[in-house]
Amino acid sequence: AQKWGYMISHGEKLKRNQGPFNKLIRQPEEYGVYKIETKSLPMELFVTGTLYFEKMTDAQRKEVVVIHNNGISGYDKKVERF
């Protein structure tokens, strides 16, 4: 997380924070990171935007932790979605 934050704050020429995150996960040793543990997150708590906005009930939405704002291009459109 510290390396990712450093990459974002020091001008990595990648879109927002997703690019530096992907780069760090795919090439960790390039940034002095030699062990990254990953695991899958429960899909009912970390949902896609399509699922959240089009298919979930209000009760299901209350349990969601993170909504992936997929399927929409452009920062302003993503902000407007909420």
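Reader: Where is the place of Val65?

Author: The place of Val65 is in the loop between α4 and β2. Helices here are DSSP runs of H or I with at least four residues, strands are runs of E with at least two, and both are numbered from the N terminus.

Reader: Before we go on, what sort of model is this?

Author: This is a predicted model, where local features need pLDDT of at least 70 and side-chain atom pairs count only at pLDDT 80 or more, while totals for chains, interfaces and linings use all residues. Residues are numbered from 1 along each chain as its sequence is written, and side-chain values use heavy atoms, with hydrogens and water left out.

Reader: Ok, back to Val65. Buried or exposed?

Author: Val65 is exposed, at 54% relative accessible area. The cut-offs are under 20% for buried and over 50% for exposed, with partly exposed in between (1.4 Å probe, protein chains only).

Reader: And which residues does Val65 touch?

Author: Not counting residues up to four places away in sequence, Val65 touches Leu45 and Phe46. A contact means heavy atoms within 4.5 Å.

Reader: Which residues make the nonpolar surface patch?

Author: Leu41, Phe46, Val65 and Val66 make that patch, which is about 330 Å². Patch members have over 30% relative accessible area and no salt bridge; like charges are joined within 9 Å, and nonpolar side chains (Val, Leu, Ile, Met, Phe, Trp, Tyr) within 5 Å. Areas come from the Shrake-Rupley method with a 1.4 Å probe, and for residues only the protein chains shown count as cover.

Reader: Switching to electrostatics. How many salt bridges does the structure hold?

Author: One. The side chains of Asp58 and Arg61 form a salt bridge, at 2.9 Å from N to O. The rule asks for a side-chain nitrogen of Lys or Arg within 4 Å of a carboxyl oxygen of Asp or Glu.

Reader: Where do Arg61 and Asp58 lie?

Author: Both are in helix α4 (residues 58-61), three residues apart, which is about one turn of the helix. Asp58 is exposed at 56% relative accessibility, whereas Arg61 is partly exposed at 22%.

Reader: What does Arg61 lie over?

Author: The face of Tyr52, at 5.4 Å from the ring centre. For a charge to sit over a ring, NZ of Lys or CZ of Arg has to be within 6 Å of the ring centre and within 35 degrees of the ring normal.

Reader: While we're on rings, how many aromatic pairs are there?

Author: The count comes to one aromatic pair. Tyr52 and Phe53 form it, edge-to-face, with 5.0 Å centre to centre and 80° between the planes. Rings of Phe, Tyr and Trp (its six-membered ring) pair if their centres lie within 6.5 Å; planes under 30 degrees apart are stacked, over 60 edge-to-face, and the rest tilted.

Reader: Why does Tyr52 count as buried?

Author: Tyr52 counts as buried because its relative accessible area is 16%. Phe53 is partly exposed, at 30%.

Reader: New topic: what about Ile36, where does it lie?

Author: Ile36 is in the loop between α2 and β1. Ile36 is partly exposed, with 35% relative accessible area. Leaving aside neighbours within four places in sequence, Ile36 contacts Leu24, Ile25 and Pro28. The C-alpha atoms of Ile36 and Ile25 are separated by 7.5 Å, with the two residues 11 apart along the chain.

Reader: And Lys35, buried or exposed?

Author: Exposed, with a relative accessible area of 65%. Lys35 is found in the loop between α2 (18-26) and β1 (46-48).

Reader: Which residues is Asn69 in contact with?

Author: Lys78, Arg81 and Phe82, leaving aside neighbours within four places in sequence. Asn69 sits in the loop between β2 (66-68) and α5 (75-81), and at 14% relative accessibility Asn69 counts as buried.

Reader: Last one, the big picture. How many helices and strands does the protein chain have?

Author: Five helices and two strands, running α-α-β-α-α-β-α from the N terminus on. Of the chain's 82 residues, 15% count as buried. The accessible surface of the protein chain comes to about 7000 Å², and 53% of that belongs to carbon and sulfur atoms.
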